[in-house]
Amino acid sequence: MLFLVAALLLLGTVLGTVAHAPLPVTLVAAAGIAVWLVIFAVRERHARRRHTSAH
């Protein structure tokens, strides 16, 4: 429950910051997060394929 409250507080802070940030700053931050998520997904998929093929 405490984790949920902390997550909601963090989400509120981030959304509040984005609401007041200029659009170009928001778009650059969103693009950075998207790139990071794509890299993470590719690395995870590659690690799973390597792990399953070893067994």
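Predicted model: local features only at pLDDT ≥ 70, side-chain atom pairs only at ≥ 80, totals over all residues.
Residues are numbered from 1 along each chain as its sequence is written, and side-chain values use heavy atoms, without hydrogens and water. Local features need pLDDT of at least 70 and side-chain atom pairs pLDDT 80 or more, while totals for chains, interfaces and linings use all residues.

**View A. A nonpolar patch lies on the surface.** Its members are Met1, Leu2, Leu4, Val5, Leu8, Leu9, Leu11 and Leu15. Together they have about 890 Å² of accessible area (Shrake-Rupley method, 1.4 Å probe, only the protein chains shown count as cover for residues). Patch residues have over 30% relative accessible area and no salt bridge, and nonpolar side chains are joined within 5 Å. A salt bridge needs a Lys or Arg side-chain nitrogen within 4 Å of a carboxyl oxygen of Asp or Glu. Leu8 sits in helix H1 (residues 2–20); helices are DSSP runs of H or I, at least four residues, numbered from the N terminus.

**View B. Trp36 and Phe40 form a stacked aromatic pair.** Their rings are 6.2 Å apart centre to centre, with 25 degrees between the planes. Rings pair if their centres lie within 6.5 Å, and planes under 30 degrees apart count as stacked. Both residues lie in helix H2 (residues 23–54), four residues apart.

**View C. The largest pocket is lined by residues including Val14, Val18, Ala29 and Ile33.** H2 gives the most to this lining, with five residues. H1 also supplies at least two. A pocket is an open set of points on a 1 Å grid where a 1.4 Å probe fits, with protein on both sides within 12 Å along at least five of seven lines; lining residues have an atom within 4 Å of a point.

Note on methods. Patch = residues over 30% accessible without salt bridge, like charges linked within 9 Å, V, L, I, M, F, W, Y side chains within 5 Å. Phe/Tyr/Trp six-rings, centres within 6.5 Å; stacked < 30°, edge-to-face > 60°.
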